[in-house]
Amino acid sequence: GWSTVVGFHTRNVPHRAHEYMQLTALELSGADGLFVHPVVGKKKSGDFVAQAIIESYALAIDRFYPKGKTLLGTFCTYSRYGGPREAIFTAICRKNFGCSHFVVGRAHTGVGTFYPPTASQDLLKEFESELGIGLIPFPEVLYCKTCGSYTHGHKCDGHEKISISGTAVRAALSKQQLPPPEALRPELGNLLLERMNRGQEVFVS
């Protein structure tokens with residue numbers, strides 16, 4: 001029964017910055033639902049394996065997302081790490097899956113610092129009318145220690161803020177350490193550490 005849907009492309013487990021972007025985009029767009037669509041095909045060494053992503057999202061959606069507003073579906077393609085051009089591809093694919101809106105994060109589909117942080121957002125904005133899908137861009141999402149909440153843009157100016165890094169989350173888990181709760185919900189961190197303790201892969205080798 002949904003007529004408007006926000007699509008979210010990812011190759012990571014749901015850290016808190018992504019959760020903030022997804023739920024904020026759902027609110028800003030006024031859409032009927034959120035479609036979380038992680039890539040489950042081939043990825044580079046150090047990325048999360050598909051099963052770890054699926055299990056993490058299943059738990060997060062069940063425990064922390066608004067009931068009846070989120071759909072999880074896997075996207076069987078491979079990560080190209082192609083920055084702006086891949087961002088165009090990811091938007092077209094989500095339009096073809098029925099999404100009316102699409103979240104574009106900072107450094108979307110990039111790798112390391114090869115592309116400028118806003119390169120994907122800039123190219124998508126240039127072709128937005130031709131793509132036929134509404135774009136919801138986000139700058140870097142930060143945790144405001146002063147307010148105890150997540151923020152983006154120029155909100156909370158002058159407050160003490162910390163960056164939420166997917167790289168830092170992966171680094172902590174690779175050492176079998178629980179990432180800080182402002183970066184990853186402890187329930188998800190424990191799920192991933194339990195996978196490791198059972199000898200199951202969490203990262204692509």
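Which residue in S2 does Val-6 stand opposite? Val-6 stands opposite Leu-34 in S2. The structure is a predicted model, in which local features need pLDDT of at least 70 and side-chain atom pairs count only at pLDDT 80 or more, whereas totals for chains, interfaces and linings use all residues. Residues are numbered from 1 along each chain as its sequence is written, and side-chain values use heavy atoms, with hydrogens and water left out.

S1 and strand S2 (residues 33-38) run parallel and are joined by six bridges. Both belong to an open sheet of five strands with parallel pairing, in the order S3-S2-S1-S4-S5. Strand S3 (70-72) and strand S5 (134-137) are the edge strands, each of which pairs on one side only. Direction ignored, neighbouring strands of this sheet are turned by 25° against each other on average. Here strands (E, at least two residues) and helices (H or I, at least four residues) are DSSP runs, numbered from the N terminus, and two strands pair if DSSP finds at least two bridges between them.

H1 lies across S1, S2, strand S4 (101-104) and S5, and runs at about 160° to S1. Helix H2 (residues 50-64) lies across S1, S2 and S3, and runs at about 160° to S3. Contact means heavy atoms within 4.5 Å; axes are lines fitted to C-alpha atoms, for helices over the stretch in contact, and angles run from 0 to 180 degrees between N-to-C directions.

**The hairpin**

Strand S6 (residues 141-144) and strand S7 (residues 149-152) pair in the antiparallel sense over four bridges, and the bridge partner of Val-141 in S7 is His-152. The hairpin has four residues between these strands, and Gly-148 takes a positive phi near 70° there.

**Pocket and cavity**

On a 1 Å grid over the protein atoms alone, a cavity is a set of points where a 1.4 Å probe fits but cannot get out, while a pocket is an open set with protein on both sides within 12 Å along at least five of seven lines; lining residues have an atom within 4 Å of a point. A volume is the space filled by probe spheres set on the points, which are joined across faces, edges and corners.

| Space | Volume |
|---|---|
| Largest pocket | about 850 Å³ |
| Largest cavity | about 60 Å³ |

The largest pocket is lined by 32 residues, of which Asn-12, His-18, Arg-106, Ala-107 and Gly-166 lie nearest its centre. Residues lining the largest cavity include Gly-83, Ala-107 and Tyr-115.
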